[in-house]
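These are my notebook entries on one protein model.

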Amino acid sequence: MSDSTRKPQAGRGTETDSGTDAATGAGAGKGSGTTAGAHPADAPTPTPAAVPAPTPLLSLLPTVGGPAPERADAARNRRKILDAAARIVAEEGPEAVTMNQVAHASGIGVGTVYRRFGDVSQLLWALLDDRERQFQEAYLSGPPPLGPGAPAAERLDAFLDALVDRVVEQREILLAAQTAAPTARYTSGAYLAMHTHLTLLVSHTRPTANAPLLAHLLLAPFSPSLMHHLSQDQHLSAEELKAGIRELLNLRQPAHGAQQPEPEQEPKPEPEPEQEQEQV
């Protein structure tokens, strides 16, 4: 998982417009036919510059860095190595990963594994980064309800469910990363991207709420140490964790099928006793 944040490239969406404007300006100077003695009123009216389109909001999201361009065979080898490492981590834990074991499981020469990733720690970080990139692609541009095209409330539920799977799947590596740098999580590109995404969803479902704060609080239960404790020590499955997150968000709402207590009624005043009529 990379801690770097990809910043949007300034002017990326206006390169074509800028090039067109420059060419238009150059062409106007050459082909205008204006001479030194011509009256200014005879000069052609310059064409107004095109207004660049606004940058799409999603392009402002911080993301983890993508892999450097590589040949097709190198990309295939990289995928085989990462898939093999992921299987070993899932079956035996990250402490069981060795470069020789990954080479054997992937069918790639151990020398190639070392040249691509250097050592086990770099391989594990590359595995985190690769999985995070897949997760980001899913919630930024994948199919609904996790991706665009569904109501914000449905996307929020789908995102939290997918995040449970994401953290549980790589809890050992994420826990090791958190132990090494406890606060680095909150400044990493991955966390910033998730926080920005949740802020957008919350602002649509609760327009008057403090969306950035709620986004942090929604991400708080996904701390690797807590998820490791719940899944390993408490033996809770991913489905139980998803149900718990959903129930936590609905705590203020009455449980399904629960009867609402009847409001207390004030006691009625007792009638005054009738007084006997005095006999004359």
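**Entry 1: α6 and α8**

How are α6 and α8 oriented to each other, roughly parallel or roughly antiparallel? I looked up the angle and found about 150 degrees between α6 and helix α8 (residues 189-205), with the axes 9 Å apart. α6 and α8 are therefore roughly antiparallel to each other. My cut-offs for the terms are under 35 degrees for roughly parallel, over 145 for roughly antiparallel, 65 to 115 for roughly perpendicular, and oblique for the rest. The axes are lines fitted to C-alpha atoms, for helices over the stretch in contact, and the angles run from 0 to 180 degrees between N-to-C directions. The crossing of α6 and α8 is left-handed, a term for a near helix turned anticlockwise from the far one by less than a right angle, with clockwise being right-handed.

I then listed the residues in the contact (heavy atoms within 4.5 Å). From α6 they are A152, A153, R155, L156, F159 and L163, and from α8 they are M194, H197, L198, L201, H204 and T205. By class, I noted 8 nonpolar, 3 polar and 1 charged in the contact of α6 with α8. Here Ala, Val, Leu, Ile, Met, Phe, Trp, Tyr, Cys and Pro count as nonpolar, Asp, Glu, Lys and Arg as charged, and the others, Gly among them, as polar.

**Entry 2: what the model is**

The model is predicted; local features need pLDDT of at least 70, side-chain atom pairs count only at pLDDT 80 or more, and totals for chains, interfaces and linings use all residues. Residues are numbered from 1 along each chain as its sequence is written, and side-chain values use heavy atoms, with hydrogens and water left out.

I counted 11 helices and 0 strands in the protein; these are DSSP runs (H or I, at least four residues, for helices; E, at least two, for strands), numbered from the N terminus. Of the 280 residues, 32% are buried, where buried means under 20% relative accessible area, exposed over 50%, and partly exposed in between (1.4 Å probe, protein chains only). Among contacts with a separation of 6 or more, 69% are between residues 24 or more positions apart.

**Entry 3: L198**

L198 is in helix α8. Is L198 buried or exposed? L198 is buried, with a relative accessible area of 0%. Leaving out residues up to four places away in sequence, L198 touches L156, F159, A215, L218 and L219. I also checked L198 against R155: they are 43 residues apart along the chain, and their C-alpha atoms are separated by 9.4 Å.

**Entry 4: α2 and α4**

For α2 and helix α4 (residues 110-117) I found an angle of about 95 degrees, with the axes 11 Å apart. That makes α2 roughly perpendicular to α4. A74, R78, I81 and L82 of α2 make the contact with V113, R116 and F117 of α4. The class count for α2 with α4 is 5 nonpolar, no polar and 2 charged residues.

N77 is also in helix α2. N77 is partly exposed, at a relative accessible area of 25%. N77 and S106 lie 29 residues apart in sequence and 8.4 Å apart in space, C-alpha to C-alpha.

Which residues of helix α7 (residues 171-180) are buried? I listed R171, I173, L174, L175, A177 and Q178. These buried residues pack against α2 (72-92), α5 (120-141), α6 (152-169) and α10 (224-233).

R131 is in helix α5 and is buried, with a relative accessible area of 19%. R131 touches R166, E169 and Q170, not counting residues up to four places away in sequence.

**Entry 5: two loops**

P145 is in the loop between α5 and α6. The peptide bond from P144 to P145 is cis, with omega near 10 degrees.

H235 is in the loop between α10 and α11 (238-249). Its phi is near 55 degrees, a positive value in a residue other than glycine. H235 is exposed, with a relative accessible area of 65%.

**Entry 6: confidence**

The average pLDDT (the predictor's confidence in each residue, from 0 to 100) is 77 for the protein, and 66% of the residues score at least 70.
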